[in-house]
Amino acid sequence: MNTPLDALWQRVRIGPVETRNRIYMPAHQPTLAAAEYGAYLAERARGGVGLIVTHGFHVHPASARGGAASWEPGWAESVREFVGPAKAEGCPVFVQITHMGASGHRRTDDLAQWGSVLAASAIPSPVHRAMPKPMEEHDIAEVIRGFAETAAHVQAGGGDGVEIHGSHGYLLSNFLSPWWNRRDDAWGGDTERRTRLALEVGRAVRKRCGSGFAIGIKLSLDEYLGPQGTTPEETVRVVHLLEREKLFDYVCLSHTDYHFNHKLVPPASSGETAPLAENAAKVRAALAGRIPLLIQGSVRELATAARIVERGQSDLVGLVRAHIADPEIVNKSREGRTSEIRRCVGANQGCWRRLGQNLSCTVNPAAGREKSHGATVILPAAQPRRVLVIGGGPAGLKAAEAAASRGHDVTLWERSNRLGGQVRQAALLPDWSSWNFVVDDLAAALARRGVAIRLDTVATADSVQAFGADEIIVATGARWQTSGFSTFRTDREAIERAPDTHVLDPLTALANLEACGRSVLIVDDNGDYLPHGLARLLSATGRTVTVLTADAMPARKLEPTLDWPWLMPRGAAAGVKLRTSVFVERIEKDYAVLRNALGGPTEVAMADTVILSMMRESDDSLYHLLAGRGLPVRRIGDCVAPREVDDAVLEGFREGHAVGTGAVEAAGRVR
Ligand code: SF4
């Protein structure tokens, strides 16, 4: 029987290598040691992906001073450690090799490695803002040699090929791009001279590694810098030059540099889906089937990948975050188990925001922890227990799923009439609906695992004790408070408030916009999206809305997840006014008195409703009652301390797995 995904299941030849299908996992940085990285890749290989490209390894000390010395021969052993396990699962693995050029950094205390970053020209990258030294002939020769040496170590370590990084504002793209490359010598000027370094690198690697080794090159299809930068048309010209010598076995397309890194890993709030696909077709036409094209960028579902292949826009399609969220996405799709796929919410909490730290994932806390919590490591419990989870928010749902996955008999009580807790409400905010995936996918998993769910069930100490569970997990969450307490105002416990003022917490306002007056002032003390999304909703109803914060930057938590450049302009377009470095000094009936954090006289802002998006406090009374009775209870998530969704899921994951391990007494005392 034909299925919509059939186009994906063909094998593709890339030089001497054959992929298992048309889905690949592109390079991304989980920041794991070699053995942990090997386990991470192997989990995805077991899950059915057709090809893996590892994260980039530096070919020269000036790429990222203080990083792993991949150009040294001893590194081949490390390659064997992280490549071997995925290959043992039958998946080919290419290792990306890179020089970061202008986008490199100089963070090292090692005097021997100290120096400047290197690039085509003296143009600093927005990422580290380090002024590069324009490369001299000997620098160029050294870097070419570094690419060849590093590729040889990949080959010696068992890698099936290398992907030469020529994208994202790194060194080769610094030379390829007319904006970054201001040279007028043999390495700059017209397209041919700007392409010369990529060709010289390809020649050196091919000479060193021979024909039985795959070599690909990754390019930025579009830098979004206009005609002075790399455009899709310029990329087609570059591809013609690169392909002419038959050095490369594939071309991979990504896009942009660090001027637009919010496009590099766009959050779900962006609404972006496969933005490269249309222009990639021009590159694929230029290649005319001689070598395959690989593309990546904001593809989170295999249905999208299948459409790209069917339309002839690419030969393989890369999915990063979908593979972080669910290593088994390919096998589940192929076996018709799509309803079991754990979907990426696209919030970038555990991946992009943690760049440089160990990877995690909001919906898959096992990501990066495969050696301790991977699919083949978690074993059924020796002695199944009767478990009661109280609270159906993300923490409680995850704890129930984790406990049930080990064969425990799990019941979940939720006091409201639906699962999801505050996440369900947050998902009502504009461009925030993908948060529903967290709840919907966990609820589906609980149904598959036979967890008994009782909604509209208020837990009391008596009812819990009467239930007679072997272990109890309390996930009763947190509630908003409206005192106006802020850690940034050590001189007061609350905002002074006249009688009869109209003050709301943000979730009450979100649940009932009509409860708000015509002019609304929202205090953002946390830097998250809730006050800003709420402001957009209120503004759309014709209300006058101002969001103010004592911070110098509004919505500061949206910046490291890359939501900020997508969402904040939409708030401005909706008419939401922003004030920064401002405190609410006093709330009166129709106005608030404001004080600038930097000094100066107070001022008045008209507002008949003030929404305080400030403090939450744990709802932990049930936990303390149960612990006081000496029952085997532990608590998780916001009920311990109000935090973010990924914290709640991670804690539910850990404590759900810990059921039956004897950890509950310690958990009861200290958590
Ligand atoms: S952390 Fe979030 S965005 Fe990143 S892979 Fe996981 S669910 Fe997707």
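What follows is a set of questions and answers on this predicted model.

Q: What kind of model is this, and how are residues numbered?
A: This is a predicted model, in which local features need pLDDT of at least 70, side-chain atom pairs count only at pLDDT 80 or more, and totals for chains, interfaces and linings use all residues. Residues are numbered from 1 along each chain as its sequence is written, and side-chain values use heavy atoms, with hydrogens and water left out.

Q: What is the mean pLDDT of the protein, and where does pLDDT stay under 50?
A: The mean pLDDT (the predictor's confidence in each residue, from 0 to 100) is 94, and 97% of the residues reach 70 or more. Over residues 665–671 pLDDT stays under 50, and the model has 12 contacts for them beyond four places in sequence, a contact being heavy atoms within 4.5 Å.

Q: Why is Q96 called buried?
A: Q96 is called buried because its relative accessible area is 3%, and buried means under 20%, exposed over 50% and partly exposed in between, with a 1.4 Å probe and protein chains only. Q96 lies in strand β5 (residues 93–98); strands (E, at least two residues) and helices (H or I, at least four) are DSSP runs numbered from the N terminus. Leaving aside neighbours within four places in sequence, Q96 is in contact with residues including A27, H55, F57, E163, H165 and K218.

Q: Why does R129 count as exposed?
A: R129 counts as exposed because its relative accessibility is 69%. R129 is found in the loop between β6 (118–119) and β7 (133–134), and its phi is near 60°, a positive value in a residue other than glycine.

Q: Which residues of helix α20 are buried, and what covers them?
A: In α20 (residues 564–573), W566, L567, M568 and G571 are buried, and what covers the buried residues includes α8 (261–264), α19 (530–540) and β22 (577–579). Just after α20, G575 takes a positive phi of about 95°.

Q: What makes up the shell around the ligand, by class?
A: The shell has 7 nonpolar, 4 polar and 1 charged residues, where Ala, Val, Leu, Ile, Met, Phe, Trp, Tyr, Cys and Pro count as nonpolar, Asp, Glu, Lys and Arg as charged, and the others, Gly among them, as polar. Among the residues that surround the ligand are R321, I324, C344, N348 and T362, a residue being near a molecule if one of its heavy atoms lies within 4 Å of it.
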